Every structure is written in structure tokens, then in C-alpha cells.
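Please open the structure in a viewer and keep the selection panel at hand.

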Amino acid sequence: MGAADGTSGKQETKRRLVTLTIDGREVKASERATILDVARREGIYIPTLCYDPRLAPFGACRVCMVGVKGARGPVAACTTPVREGMVVDTKDATAQRVAKNVVELVLSDYPEAALAREAIDPATGEDRNELRRVARHFGLTTSRYQGERHAYEKDDRHPYIKMDLNECIVCGRCVRACDEIQGTFALSYANRGWATKIVAGMDSSFTDSACVSCGACVSTCPTGALDEAAFRAKETIDKTVTTTCAYCGVGCSLDVHVRDGEVVAIDPALEGPSNLGHTCVKGRFAHQYARAADRLTSPMMRRSDGTWREASWDEALGFVADKMKAIAAAHGPDAIAFISSSRCTNEENYVLQKLARAALGTNNIDNCSRVCHSPTSLGLIQSLGESGGTNSFADIDVTACLFLTGANPTEGHPVVGARMKEARLRGAKLIVADPRRIELATMADVFLQLRPGTNVALYNGLAHVIVRDGLFDRDFVDTRAEGFEAYAEHIAKYDPKRVESITGVPAALVEKAAHLYATTKPAAIFYGLGVTEQAQGVPGVRCLANLAILTGNLGKPGAGSNPLRGQNNVQGSSDVGALPTYLTMYRKLDDDAVRKAFEARWGRPIKPQRGLMIPEMFSQAIEKKLKALYVFGEDVAQTDPNVSHVEEALRSLELLVVHDIFENVTAKFAHVMLPGSSFLEKTGTFTNAERRVQMVREAVSPPGNARRDLDILLDLSKRLGYEMPHKSSADVMDEIAELTPQWRGISHERLGKQGLQWPVPSKDHPGTPILYTDGFTTPTKRAVLHSVDWEPPGESASERFPFILITGRQLAHYNSGTQTRRTGNVDLQPTDMVEIHPADAERLGIVDGDFVEVESARGKVQTWARVTTRVAPGNVFLSFHFPEVKTNLLTSGNSDPSVRCPEYKVTAVDVRKVPGVHPAPPPIAKGFRQDAFD
Amino acid sequence: MSQNLVQLRRNRGDLDVHGTALQRLKHVMHDKRVITREDVAAVARASGQPEAAVWGVATYYGDLGTERRGRTRVKVCKGTACHAACGDASVGWLEKALGLRLGETSADGEVSLEAVYCLGFCNAGPTVEIEGKIYGELTPEKAELLAKEIRSGSSTAKSTSLAEAHDALVPRFEVHDGPAIVLERIAQPIDATDLAAARAHGAFGGLVKALTELRPDQVLAEVDASQLRGRGGAGFATSQKWRFAAANARLAGEAYVVCNADEGDPGSYIDKYLMERDPFAIIEGLAICGYAIGATRGFIYVRSEYPRSVPTLRRAVEAAREAGLLGKNLLGSGFSFDVDVVEGAGSYVCGEETALLRSLEGLRGMVTARPPSPADKGLFGKPTVVNNVETLANLGWILRHGGAAYAQIGVGKSRGTKAVSLNERFVRPGMYEVPLGTTLRRILLEIGGGLKDGRPIKAVQIGGPLGGILPGSMLDVPLGFEELSEVGALLGHGGIVAWDDRVDARDIAIHLFEFCDAESCGKCFPCRIGGRRGLEIVKRLKEPRSAEAVQADLDLLGELLETLRLGSLCAHGGAIPDPIQSLLRHFGHELKGESKGASEKGAS
């Protein structure tokens, strides 16, 4: 087709406004709007059953019938677009009669008992069951139609999702939600005519289908056909609190339903900007841990015989404060260190670093981003200026090309994963570079299955092709970047053939991916821990930034380079200064002006020298230089690499305080345990991976004697002789905003249900969804093209350890598993298993489900094998969610030299079958095997 | 929803209509007589579709199933013509002969008995299909004979001593009162499935003219001038549909033409004989449309109840390709066009355009709401013209003789000729081409010779199960879209079924609602639930009950009919009220059980 046609086509698709009349009101609307859209906007109620604003119009239920002047009969409001001059009467008598009769037909096959129930939503005053709401709207309590009714068996085999087709009205919303929101296609219509019904999988059960338990079907079901058992049984709720999910870095907005002081169920909040009314198996369902029987509900102190005893807060905090004071007096404050929590709020992290710096006088404060995304912070600051992803999750919806590398979003960040699948389904191009054939790789245009530890070579190779073939954005490179000449010379040696020899990726695929990425605009990079948890973590981040700079994919929608942060608040905990090197927003300690501002506000001096990073804390403890460690909301003895080394460090301490909601693995070495609060039990903010600061709101109270974390930290500070003035977490945020130019416009009051994306420089600033629209914030104000050579990873396969182990996450679980293992998620995914390629397995005589041993130079672990082509030959994969499988016994102490982020992703190991008879592995729900499209 | 399922295949670069989940499941069912979960999983993998969606397909179509069917599948026709012929008694004959209830499979897995709506031998009902062979003029004796031969023969020998209807029970093909257009070749003693013979009698003349003398817009202008309206039932102006698609095709860069050969209306066998006796006319029509709108691929979607249509069409496509009339660069014009022939799997609703396209994509044949129309987003999301067989068969003639010549024939806004088919009740059942405007009286009584044994016409239904029913006293109405709809009837597809005076009007109502219920796609609420509730109500009419109870049911039926008519998503639920309404109008007393046949005198 000619260019002229294409141009006119674009013009034609531009939205135009039309004027129409609805119930006598003259209104304007986009020509793409439907009658229902306009009615809803105007506050006119039109009953619906098959409609959900998250889904494409479907037109099945025929309950939204309205009159349109001149039409042959009533029309369905949900599928009828508005037209210029249209006259709509939503109260048209014929339309109302038809709609009412349809509802009466529906009721003729709906259980009378279910119709008679009531479940009022306190927020709206309306019944949560949409069919009952619509029936009451029409004044229907029974049906005149008598005849056959369906009688189905209930399916309650899934730990959360209960299916009772007797209450199903076959509106298809669940099928469409699974398709259009989640992209999993686990549900379908089956049969036809009167026998039409909804099935999961092959009319089996949810656990035997592709279902990933995201709950999108449950969230859209208008009746009680799909529901959570607990929710259904209780029916009514006292209140709904909108908060932010405490699992991964997506930052889903959640509606927490509360009854009698307990969480009854959690739904996605429809307004949530990062999740758009969606959530995953963790955020939606896995919240029972907060009321687990083994929750810590009292401060605990270690008896001399090593057992625990309960203590009062006064005693426990008094002990900790006295001990710290004594150590500081004897060895100086730097003999004490704090590990802050990326799972906790900005306010708590801010207060803890303030406590370390102001109350004690040490910069020994670090957080777990050290072991995950510290390379992102440094790399992005060096290349572009800011320590945050350049764009937003909303850009996934508009990008033309996704380049995904070192991340497995459909498991690690499921809501973003679903959004990426939907992007692919609308036709966006997809490039995946990963050593594993993850779910998104099976949907990709190009899949680059590189060897672990060869990211830098691959990215340089892509840049090589882009420059060689003249596909880079010359204007952008000339006017907004620096270092191109040296860079072009540098990457000249990364020709695809050489890259193939390093990475194992065929040269032709390198060429293909480079062309696709460079010529499909806009293109967005998303990356994860597969990039950062490498010995070349920072270079990897910078090489990705190079690609975005070269192609001019910065400062515009649908572009950029975007980290998928691991934990819910790994962005925020670093932003607010829980780092040994920085005050808030990555301002250096040796910047006198910055330090002085904080000193003035805090009334205490701050040392200009940096403190210890987490790995250094362990080494110094072993060397007896570090005497006390306060671990807040982390389980370093499970999650940090080379666990034996960590254990030795913990054993060497004079004081180890574990401040957590459970007695975790680290607590084995602790002297005091302080029971904190889950995210459901406190107020504050989290910052997600798109720099969005969002409210966390208290839904229920902490159990027993557990306290809100902020109260514990403020209390401790007071006992250390430094009483902070903060009355609430809102107060804390006000102080952060006062001391931090990029957060100056942030306050709890302003955050509302949408949050704000930093920078927010003033109280009237709307936040910044896309960075660098007006230039970069590096010292030269230009993006920096960074020349870096690939270096082999810290470990490589050898005769003794012939396999490379990659570690990562499973869908149902989250990091150390302390939360998810205490929920029904273990029924879905009950254990860690070693993924091994069929060719390797056959050579080693291993079949799927065999019990095997994985050994590295540092230790060995045993678990079951899962034989799958998801891993390449020579690679094995293991997650780290279950303490029974101490994956991090295997990982090494190698790390990126500049930020000390460990090389979790490359460990040389051996795998062998364990002789003898072993029990079979517990079954994994089908959708959690993630092999639906293998 | 289904767009994402299509996109899953598009992402694999796979848009082959023969490798879809549906086509793969058809093979499985043919080979194994059942579709197991393992089969569904395998088909899901092979077709790039999710397991649940494939399960949905396997349980949707009449030909498929997840319960085992017999090695010999006996499909008894419950279509309207067979109902008129014997009032579904044929079902009972076969049940008795086979010792099976309808829907059952014998314990040894040897035989199953199923129902099917119309085998296209309405001139020779009652009919039954046994493994692709159709037998007509069924009697209890013939049923016994068939059963005996099935039982005695090994599973591989499914032939019987009875002659197949294809060879033995061919209807008349005649042209009356006007020019021969769609029966141009069929009504002559030639074999028009032979390309040379067909070309000698005009086939492809229109395409040659289009490609050598006319620009696409000039072809559109000729079709415009002909005032041709779709012959599939809706009567939409053909050129208008084409223009819309042509405009969209320019934006989309791609477009398709689909021939709707899912002649599902029980009682009609027009398209069947157009396909089996003059396949080149359809291929020519597709190519002309493709040329006019800028499409390079055409598809013919054929219902599976016509076992001989698909092979005939495929042979014709092959012959046309060999002759350079399909394929690349036709006749050196630079225009390339090719055709795929795809078989359905037993679903009436797949005759509805959007459902047909989903079925071509290998999905459940469920209706989608408009907009967008297929001419905007059709097959695989691209602009698509869907034209009926007879519509396409007109095009060669229109281009050869000019649109104006075509428009000279006809009545009112209904121009040209129309093929009609008469059922077995008539003295001269057959397929006739008449100018639009010809009265029913002329067609039924003069051309068709009235009913056998001099019996009066009690009721006549035109245009399939969704068309209104007229009493024998109302035959002066001319054949035309508007003319028929004014008297509560429908031109529809042109299939005409008459009942003689022995039928109970309540049985017609039951027959129609059974059809509505059995064939509903299940998507929209009025049709899915209302079809069943309507069936229950009309069945109750035959039970002895008080007049009040009957009246209450009829009142409720009236409301239901309004809801179906105004509320349904497509014509399946939307038009079924028309014949029921006409039964109420013309045979109201009989439906109430007050008297039989008292309201109207039949015509004889």
C-alpha cells in the first residue's frame, strides 16, 4: 500500500468528538466510545452482566439494552458506538422490557438460595453480586420461566479458587479475563446451546489447567460462581482498605476486605496504575501468612541454654539499646551495623538509616538491593543520571518492541508479565535474551539463549550490528550523547561471529535481534536480576543503556531501559538513604552541603566516610571488627550467597537482633527477636520499580504484642538517647520531602490512589512518568556511551563442576519464602526443584522426579529433578524459596567489584542422582510448571 | 477474545486454514471416533492454541465429540423437509432397527445414531447419512435393511445394497420465465464440473473480461449497476459490502474473500448443487470479488453435511489453477488470487458471517458483536467480504452481460433471478431459477405441481427455519425481499418447505424450537436460555392442561418471542420468533389445542 494511503489511514484513526443526546442531555464523546461508556461517564446507570471495563465489549448478556431514535429496535449499549446526532433513551420501555425478560430468563436457571442471599459492600452500599443487583433493579425476585435447571458438581480442588457452576450465568467474563488481562487462556466455553458452560483446562480443574491462579477470573465473576472459599462463606465485609502489595516491585494496588478485624480477601484495586485491576497468585491470595500460627507475637530473648523466652518490649529494647551503647563506647559506633529492609516502607527505612547515622553515628547501613539491584543504581546514574527506570509500566502498552533480558516476568513480576503478554498479543515485537527458555521466550520473535555470564558480549554485539548497519539514531547520538567515537571503535570488535563464540547465540539471531530492536520504534528494554546479579552487573546495566542511547529510545513513551526490581520497596529503601554510601536520593556523604542540611535538621553530625556494604559486614564480623548487627526484615542466612560464610559471620557477633514477623533462618543465631508488622498492619509508602511512591494503609492491627515497625524503631532510637520528633509515618515523609529536592512534592496526603512518580520537585508537580524528556541529569547533561569489555564470569564449568547453575524465582513463591510458604501457595508449588535439560538428564541417568544432589565448591544440596527444555544443555536452574534446599550454600562470593552485588546467576556445579529409594516429589499444579507452550 | 487466540497463531507466523485446531480435531474424530484429553493436548500443541480453547472446539461442533461415537456413524436428518415428510418418524424407525436411542452408541462401539439438521436431499426425504453416504426416501423397511447391512458387514464395509441418494434421487433443475443465470450451465445437459465444458458455456468469461478490460472500480460499478443483493438471507447490497471492504483493504494492506457455503437452512439445497454441478461459477465469483476489492486469497467454507461438495470444489480449484485461472498473475493481469476449500464440522450458526470466520480460524463458531463488521475486521483480523454461494454464482453472468442487464429483471428492490428449491411433498420437487417477482402460486402450484396425492398445502416456510410460515391461502405474494417480509415471511435462502394438511401446527413449533435450542452457539443469553425455555413451553402445549394454564404459557411465549427477536445477538435467536409468530397468527387455535387445522383452508 502506498505511503499516501498509510498517511490518510492515520488521519482517519485520529479520535474525533461527536455530539449525542442521552436521556435528554447533550454530551460530547469520542467516536470510539460506546453508549455504555458515555452513560457511565454521565452517571447514568445501565444494568450489565457481561461487561467489565477491563475487557473488550462482548455483547453476550443483552441486559444493557437501550433505545436509539431511528433504530429498528433496542441496541446493546456495550457494543454500540456513539454517532453524531445519536439520540439515546436508556429508559426506553421496549428496551427495559427486553432486558428485564432476559434477567428473568437468567434467574430461571439460577439457584433460589443464592438469589435470596445478600452481601452488601459497605463502600458502595450495593450487593457485591451483580446479578442480584441487576435483578433488584428490575424488581425481580423470581422467574416465571419453569423448566430444566443445570446441576453441576462444585470444584473445590484449588486452594483458593472455588468453582460452582450452578451459580454461573455463562457471561464469559472469566474466560475473557484469563485471555485479555492475564494472557493465560486457562478457561474456555465448552459445549453449545443450553449445555454451554465454562471449563478450566480440558474440563478438568483449575489445578489441572494452565491456570496460574492470578485470580482475574475471580475478580470479574459477577455472581458467586468463582470465588474464594473464605470470602464466599462470610459474604459480608466491614470495610475495604486500598493499599499497595508487599510482594515484588510491580507495586500493585490492592483492595483489602476486612471483617471482624481480619483480612477476608484481597482484590486488585481497579484504579491501581501499575496493575490496572490485576494482580497475581501472591498479591491476591497469599496473605494468610500474616495470621500464621508461628507469627512472632512477643519480643523474645535467648536464655543462656540457647532456648528462647518471651520478654517485654521494655526489657528487649532496653537490652538492645544498652548493648549497642556499650559496644559503641568500647569499640566505636562502626562496630555496629544495620541491614534495612526492602520489604518495609520508605518511612521505616529512612528512620533506620537516621537512627544509625544520628543516634549512633555510623554509616553502616545497607539494604538488600546490595544483593540485587545495586548495579542498576550505579549503572543508570553513570549512564543517564538517575537511579531509576526511565519509563513506566504503562509504556508496555504502547511500545512497538519489547527487549526483555535477564528477567522472567511471568513468574517474578507476574502482573508485568501479563501486561507483556498482552502487548505481544496486540502485535508488539518481542525479543528475549535469557539463558532459560522462559514463558515469554516461547512467544518471542527472537529468542537469544545466551550462556550465563555473557550479557556484556551479547549487548555489545547488538550495538555492533546497529552501528555497523547504520541503524543508530545519528541525531540523538550527536546532540544528546557523548563518547560515540570511542564507543564505535570499541564495539567494532564485537562482530556477531565473535559474539556467537562467546555467548553461544547464533550470529544470525544477533543480527536479527539488533535489526528488530533498532528499527521498531519505540522500543523498550526491560531487564532484571539476570543482568545485575553478575560479576559484570554494572557493565551489563550500562550496555543496555548504550542500546537505548544509540537508538534514541529515551525520553519518550514506549521506550527506555527499565529494571524490574525484585522486592516491593527495593527502589524506595535505597532512595531514602538506607545505603552506606548515600543520603536520600543517592547524594554522596562527602557532599558537604548535603550532609550539612541533614546535620542541621537532625541536630547530630554525620560522618563523610562511607559505611560497610552487606558483604563487608560479614567479613568484618568474622574478623571480629563488627560486634553488633541489627537485621530488619531480611533473612540473610537464607538469601545471601555463600551461606556458610554468612553463618560464620553471624555466629561471631556479640549482638544479633532480628526484627521480623517470623523466626527466620537468621534468627537461629540471634540474641533478640523483635516482632514487627506485616504490610497489612501499618501505614507508610512503598516505591515500585517505576519510581512510583504509593500508599500502604493499615487494614488490621498487628497480632499479640507485635508492634508497628516504625514504633519499634522510634522507641529504640529514643532508648539510644536520640528521640526523633515523628508522630506518624506521614511526619517522616514530610521530613524526607523537606530534605530531598526530588521528593519535595510528595506527601501522604497527595499520594491518594495513584501515587506519584519521582522526581516530584514541588507540591503542584504531577510526577514524572518518563525521565529525560528534557535532557539528562549526568554532570555533562548528556547520556554517556560506555565502552566496556566482556570478561568471563567468576566461575566457569570445569571437569569437576561441569554445569552452570542459575538461580531465580518460581511463580508461587517470593524470595526466602517466609511469606508464601505459609499460604496455600505451597499446594500449588510445593518445593524447589532442579531444572535440567533432557539431554543432560539422559546422560546422567536422571528421569523427571528423581532425587538428585547439586554440588558446588562450597557445598551441596539435594532435591528433585525436573527434566525440561526450559534450560539449555549444560545449565541447571534452582530457586531459593525453601529452607530445606539451601540453594545459597552453592553460590559463590564473587561479585561486581564496584557495588559488591553477588554473582548469583553463575555457579559451577555438579549434578548427580542420589542412590537409593526416595519419595516422589509432591505434585506441582499444571499452570505452575509454566510449560503450557513448551 | 478470539482475536488473541488468532494472534497466538499469527505470532508463530501460522495462518494456515487447514492446520487449525478444528481441522486437526476433525481428523482425530474421523480416525478415532472420539477426542480424548491426550488428543486435545496434542492438537493444542500442533495448532498453537491453548488446551482449554481446543477443548471448547472439540465440544462445540456436532461432528466432533469427547464421547466415543460408533465406527459407523448413522446420522438421521431432522431437518424441516424431513419433518414435513414424516414428522421425525424416521428417527423412530432407525432407533428400532438399530436398537439404539438417538444419541447413543452401541456397547460394542460399532454403531452410533445421531441427529443432523438437513443433508440437502429435501427433494427425497426422509434421509439418513451413513459414513458419508446419503440414503433417501427412507421407510421402516429401508431402515431395517440398512441396520442389517451395517450389522452384518465388517466395520470397513459400509456399503449397502440401497442406492445412494446422490445417484438415485437427483432433483429437477429448471429455469422458468426468465434468463438462465445461476442455472445457466446446470440446467443444460453438460458436465460443468469439467473446465473445458464449463468454459464453453460461459464460465470464467466474466473474470476474463474483468481482468482484461476493467479496472477494479469498474468491476465495482458493474456490480453496483446490477443491484445484486446477497442471496444468503440478509439481502445486503453486494456492491456496498465490497466497497467498504475495498476501502478497509487499502488501509490494512490485506483482505480476504470468503464464500459462505454453509447452507445450513434445513430445506434448502440450492448451494449444494451450485457447488457440486457448477463449482467454477463460485471460483470465478470469488476471483472477481478479489480483483474488485484487492484481496489475494479466497476461501470456500462448506458445511460437512455435503460430503460431495468439498471434493468437487477441490478438484475444480486444482483445475482452475492448472489453467492459470487461479494462482499467480492471472492471465498476465498482475492480479494473483488463490482459493482454499475448508470443511465445517456441523454447526448451523456457522452460516452467520462472524461465526463462520471464527470457524475458519479453527475456533468455536460463536457469533461476535458488530461493529466491527467482517468487512472491517474479518478473517485473521483483516477486512473480509463474506458472500453466499449463489451471490457469487451470479457474478460471471453480470460481468459478461453488464450489471444493467441483470437489473432489468426482478421486482421492486429485488433484482435479478433467484434459485428456489422445493421439498419432497411436491409433485415436482426440484431446484428452479425464476425471476424475482414470480408469485409463490406460480412456483408452488404450477412449477412444483402442488403437493402429492392432491393434498392441500397447510403451511409453507420459505427461507429456512428463521423464515415466517404462510398458510396455503396466501400464495399470491411475489418472490422478493420486501414483498415477502411485508406478509411476515422471508426470502432468505430460497429453500421452500411445504407441509400438507396432516401436520399438527404444534409439532412445527416444537420442531423449530428444537432446532433453535440445538444449534444456539450459547453466547447470548436470550438464545441460550430462551431457546430451551421456548422449547419447554411449546412442548407443554401438547399436554392436557387447563385453558388458563395454556393461556399463561402463551402470554409468556409472547414475551419470550419479543425478547428473542429484539435481544438476540444474531439472527439465530433473533428470527426464530418469526415462524413461531406466524404459527400463532395463522394457527393460533391449533396451538392452544382447540382445533386442528380449523383456522385455514389449505391450497391444492
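A residue is called buried when its relative accessible area is under 20%, exposed when that area is over 50%, and partly exposed in between (1.4 Å probe, protein chains only). This is a predicted model, in which local features need pLDDT of at least 70, side-chain atom pairs count only at pLDDT 80 or more, and totals for chains, interfaces and linings use all residues. Residues are numbered from 1 along each chain as its sequence is written, chains are lettered from A and ligands numbered from 1 in the order in which they are written, and side-chain values use heavy atoms, with hydrogens and water left out.

**First stop: charged pairs in chain A**

Select A:Glu112, which is exposed at a relative accessible area of 57%. A:Glu112 lies in helix α4 (residues 112-116), and A:Arg149 lies in the loop between α5 (130-137) and β8 (161-163), 37 residues apart. Helices (H or I, at least four residues) and strands (E, at least two) are DSSP runs, numbered from the N terminus.

Next, select A:Asp127 and A:Arg132, whose side chains meet in a salt bridge of 2.9 Å, N to O. Are these two residues buried or exposed? A:Asp127 is buried, with a relative accessible area of 5%, and A:Arg132 is buried as well, at 1%.

Then select A:Arg800, A:Glu853, A:Glu855, A:Asp910 and A:Arg912 together; salt bridges that share partners join these residues into one network. Over all chains, the structure holds 113 salt bridges.

**Second stop: where chain A meets chain B**

Colour the two chains separately. Here 60 residues of chain A are in contact (heavy atoms within 4.5 Å) with 58 residues of chain B. The buried area, meaning the accessible area (1.4 Å probe) that two parts lose on being put together, summed over both, is about 5,000 Å², and carbon and sulfur atoms give 58% of it. In chain A, select A:Arg192, A:Trp194 and A:Met202: these lose the most area to chain B, together 17% of what that side buries.

How many salt bridges cross the interface of chain A and chain B? The rule finds five. To see a salt bridge between the chains, select B:Glu51 and A:Lys926, whose closest N and O atoms are 2.6 Å apart.

Finally, select α3 (93-107) of chain A. This helix gives the most to the side of chain A that touches chain B, with seven residues.

Notes: A salt bridge is a side-chain nitrogen of Lys or Arg within 4 Å of a carboxyl oxygen of Asp or Glu.
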